[in-house]
Amino acid sequence: MEKTIEDPPTSAVLLDHCHFSQVIFNSVEKFYIPGGDVTCRYTFTQNFIPRQKDWIGIFRVGWKTVREYYTFMWVTLPIDLNNKSAKQQEVQFKAYYLPKDDEYYQFCYVDQDGVVRGASIPFQFRPENEEDILVVTTQGEVEEIEQHNKELCKENQELKDSCVSLQKQNSDMQAELQKKQEELETLQSINKKLELKKLVQGDQDKTEQLEHLKKENGHLFLSLTEQRKDQKKLEQTVEEMKQNETTAMKKQQELMDENFDLSRRLSEKKMIYNALQREKERLEGENDLLKRENSRLLSYMGLDFNSLPYQVPTSDEGGAGQNPGLVYGNPYSGKTTFPFQLEGPSDDICDHTLEQQRMQALCLNCPICDKIFPATEKQIFEDHVFCHSL
């Protein structure tokens with residue numbers, strides 16, 4: 001069986017369910033010469049509407065289902081079905097796909113549901129011969145045909161007699177069938193009564209079950225009401241707990257904020273304390289340096305530290321807090337008195353050292369990045385030190 005690229009939609013629909021009169025095939029020849037293409041012409045009836053997957057197949061005569069096609073072609077849908085010329089269509093079968101034997105075939109129009117909508121008269125694929133052009137019958141053949149005709153008439157009479165016998169048998173069987181139908185009706189009536197009785201009994205049982213379910217439903221409804229009351233109380237308790245939790249969380253957040261603020265302030269104080277501690281250590285180091293410088297100068301001048309005359313100024317003279325261990329007084333007091341006159345390079349060295357000490361006393365050094373701030377910008381210095389802790 002020859003097929004094209006895609007198989008058409010088929011089904012196991014039998015001949016009894018087909019409608020052969022909805023598509024009419026026109027100009028179908030008694031036979032087609034092998035080796036040539038075959039054009040199939042057909043016409044749609046008024047009430048038939050073609051669809052996308054409809055197809056025309058070539059079937060061998062005697063087929064039972066549409067799956068027994070030899071080859072097929074898809075149907076071309078007309079653009080306008082209302083046009084009279086659109087109802088007359090045609091498809092062309094290529095010679096390569098046509099049958100090669102001389103059996104009888106026919107065209108069949110099959111819709112996309114696998115239902116046959118039209119069938120053509122049978123035809124053959126064979127070459128043309130002289131018998132198709134002229135038939136000559138002799139007298140002997142005529143007598144033979146008449147003899148054959150008489151035999152057919154006799155056989156026909158026998159068939160008629162057999163038909164009468166079959167009709168009688170059919171009448172008897174019809175009577176018996178009528179009797180069986182009456183018995184069947186009686187049994188059906190009895191069956192209906194039994195079924196009705198069963199239905200009534202079942203209805204009563206269902207009614208009792210329904211009453212029982214109603215009672216259970218009432219108990220469940222009361223239980224559900226109590227559960228709803230308990231649920232409402234629980235919801236109120238949960239709401240109160242949520243409020244208490246919210247209050248506690250707010251208080252906790254306030255305490256955390258206060259703690260953070262205190263921690264921040266403590267960190268600031270610690271950093272300021274550390275800065276002041278380092279400043280103190282630096283000043284003590286400078287004080288020791290000045291003491292060593294003072295001793296060196298005294299040794300250079302040949303003087304004894306303990307034999308030098310000095311007086312501790314009183315508080316009204318502005319000398320309060322002066323270190324008695326410094327020979328020439330506190331260099332940060334603003335005025336230093338020497339009991340002798342220094343000459344030469346020593347005067348310049350002493351003045352430079354004192355000036356450097358006086359400048360350092362008027363500045364604030366950052367203990368982290370060593371940045372220098374004037375003593376008048378103490379608040380800026382403290383903000384700068386605090387920024388290192390962020």
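This is a predicted model: local features need pLDDT of at least 70, side-chain atom pairs count only at pLDDT 80 or more; totals for chains, interfaces and linings use all residues.
Student: How should I read a positive phi in general? And which residue that is not a glycine has one here?

Tutor: The general idea is that most residues other than glycine have a negative phi. In this structure, Ser27 is not a glycine, yet its phi is positive, about 55°. Look for Ser27 in the loop that joins β1 (23-26) to β2 (31-32). Ser27 counts as exposed because its relative accessibility is 56%, and the cut-off for exposed is over 50%.

Student: Let me step back to the whole chain. How many helices and strands are there?

Tutor: The protein chain has 3 helices and 11 strands. Reading from the N terminus, the order is β-β-β-β-β-β-β-β-β-α-α-β-β-α. Of the 390 residues in the chain, 21% are buried.

Student: What share of the contacts with a separation of 6 or more joins residues 24 or more positions apart?

Tutor: That share is 64% in this chain. Thr39 is 51 residues away from Glu90 in sequence, but their C-alpha atoms are 6.8 Å apart in space. If you set aside neighbours within four places in sequence, Glu90 touches Thr39, Cys40, Arg41 and Tyr42.

Student: Is Glu90 buried, partly exposed or exposed?

Tutor: Partly exposed, because its relative accessibility is 46%.

Student: Which residues of α1 are buried?

Tutor: Here's the general idea first: an α-helix has 3.6 residues a turn, so residues three or four places apart point the same way. Now the case: the buried residues of α1 are Met271, Ala275, Glu279, Glu286, Leu290, Asn294, Leu297 and Leu298.

Student: At what angle do α1 and α3 pack?

Tutor: Helix α3 (residues 378-387) packs against α1 at about 115°, and the two axes are 10 Å apart. With that angle, α1 is roughly perpendicular to α3. The crossing of α1 past α3 is right-handed.

Student: Which residues meet where α1 and α3 touch?

Tutor: From α1 you have Arg264, Glu268, Met271, Ile272 and Ala275, and they meet Phe381, Glu382, Val385 and Phe386 from α3. The residues of this contact are 6 nonpolar and 3 charged, with no polar ones.

Student: What covers the buried residues of α3?

Tutor: The buried residues of α3 are Phe381, His384, Val385 and Phe386. Their cover includes α1, β10 (363-365) and β11 (372-374).

Student: And how far apart are Asp383 and Glu268, in sequence and in space?

Tutor: They are 115 residues apart in sequence and 9.3 Å apart in space, C-alpha to C-alpha. Asp383 lies in α3, and a relative accessible area of 40% makes Asp383 partly exposed.

Note on methods. Residues are numbered from 1 along each chain as its sequence is written. Side-chain values use heavy atoms; hydrogens and water are left out. Buried means under 20% relative accessible area, exposed over 50%, partly exposed in between (1.4 Å probe, protein chains only). Helices (H or I, at least four residues) and strands (E, at least two) are DSSP runs, numbered from the N terminus. Axes are lines fitted to C-alpha atoms, for helices over the stretch in contact, and angles run from 0 to 180 degrees between N-to-C directions. Angles under 35 degrees count as roughly parallel, over 145 as roughly antiparallel, 65 to 115 as roughly perpendicular and the rest as oblique. A crossing is left-handed if the near helix is turned anticlockwise from the far one by less than a right angle, and right-handed if clockwise. Contact means heavy atoms within 4.5 Å. Ala, Val, Leu, Ile, Met, Phe, Trp, Tyr, Cys and Pro count as nonpolar, Asp, Glu, Lys and Arg as charged, and the others, Gly among them, as polar.
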